[in-house]
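Please keep the sequence and the model in view while reading.

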Amino acid sequence: MSSVRPWRMIDRRKSRQIMVGNVPVGGDAPITVQTMTNTPTEDVGATIDQIRRCEDAGADIIRVSCPTAESTANFDQITRASGIPIVADIHFHYKRALEAADKGAACLRINPGNIGSSERVAEVVRAAKANGCAIRIGVNAGSLEKDLLEKYGEPCPEALVESALDHIKLLQDHDFHEFKVAVKASDVFLAVAAYHSLAETVDCPLHLGITEAGGLIGGTVKSSIGIGSLLWAGIGDTIRVSLSAEPEQEVKVGFEMLKALGLRTRGVRVVSCPSCSRQGFDVIRTVEALEARLEHIKTPMSLSVLGCVVNGPGEARETDIGITGGGAGKHMVYLSGVTDHTVESDSMLDHIVSLVEAKAAEIESGASTAFDPHAEAAQ
């Protein structure tokens, strides 16, 4: 397909690969989706429950804040219960990093410049090596070093990159190379420019994010512009969408970004119209209901929901299952791009859900494959 449609191609930046627990990051590994818990880490039960909800949403990696000795006291219970690797979020006290590494953290999120002396950085590196931990260097425009702010006058791409390179050198001086780097900012232009510059300078995996992006809608828009443009340029090995929303929502938005760019597939990709007076059924409410009822489907496949026959048949020809609104409460159902049968309004929702579930089961069993409307052209 790539040779037939070169405009679909994304040439990913070549980065070296590291392991975060059992999850590869960088190289030719799939781009991973991360989020972060917001429960008090001391509340082990609540934290584990939230991690499991994020796992169900598709999170590959999850970060847990470890600001106090109390937060790491029972950290091993959390790491043992989690089905995905845990990144321990460390900001200032190096001992929290040592404790988290000893209690099962797969990665330590640190700002080496905040840890303290070279000796303390060396202790963190020794703990990481002894426990097979990776390290994420987290540079943030909101917490740049004073000397860099004095040098540049304000947070700017050059300052973010210089901070990252200084921290990289701290780890390399201790012969540690299992690290990834983020240069985040809440300003989309600043973050994107910094990532582009860093991507040209280093070969380590890059963790993408627009920090403090905002609420569910505003933050999704900002993150999609920033992270999406970088991914489209081939930059990025793991992403975290930072929203003032529940962590599960961050995961869902992250996957939708990757799905939109064809970089990862998971669950049902819905193609739907915004609706208008031509609609043969209530498209908005139908899509809301279908998305909620199909959240349990992890199998990659596609569903089109169009209110009328203007664009409906064309979109349905591109999806595994399609529904196009018709007159008198009777609507056309498409299977693998071909008209198949009609369904009445009253039974439409249940019918579409059953069709999707059946198709997903066929794909999982190997009896069928997800519909690819471009397969013939690609051959």
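This is a predicted model: local features need pLDDT of at least 70, side-chain atom pairs count only at pLDDT 80 or more; totals for chains, interfaces and linings use all residues.

## The five-stranded sheet

Five strands make up an open sheet with mixed pairing, arranged in the order E11-E12-E13-E14-E15. From one strand to the next, the twist averages 20°.

Strand E14 (residues 330-335) pairs with E15 in the antiparallel sense, over six bridges. Leu335 has Val338, in E15, as its bridge partner. Helix H12 (residues 283-293) lies across E11 and strand E12 (301-306), and runs at about 160° to E12.

## Ala360

Ala360 belongs to helix H14 (residues 345-365). Its relative accessible area is 5%, which is under the 20% limit, and Ala360 therefore counts as buried.

Beyond residues up to four places away in sequence, Ala360 touches Ile297, Thr299 and Met301. The C-alpha atom of Ala360 is separated by 45 Å from that of Leu160, the two residues being 200 residues apart along the chain.

## Arg109

Arg109 lies in strand E6 (residues 107-110). Arg109 is classed as buried because its relative accessibility of 8% falls under 20%.

When neighbours within four places in sequence are left aside, the contacts of Arg109 include Arg63, Val87, Asp89, Arg136 and Gly138. His91 is also in contact with Arg109, and the side chains of Arg109 and His91 make a polar contact (3.5 Å).

Methods: Residues are numbered from 1 along each chain as its sequence is written. Side-chain values use heavy atoms; hydrogens and water are left out. Helices (H or I, at least four residues) and strands (E, at least two) are DSSP runs, numbered from the N terminus. Buried means under 20% relative accessible area, exposed over 50%, partly exposed in between (1.4 Å probe, protein chains only). Contact means heavy atoms within 4.5 Å. A polar contact is a pair of N or O atoms within 3.5 Å; within protein, one must be able to donate a hydrogen and the other to accept it, and residues adjacent in sequence count only if both atoms are side-chain atoms. Two strands pair if DSSP finds at least two bridges between them. Axes are lines fitted to C-alpha atoms, for helices over the stretch in contact, and angles run from 0 to 180 degrees between N-to-C directions.
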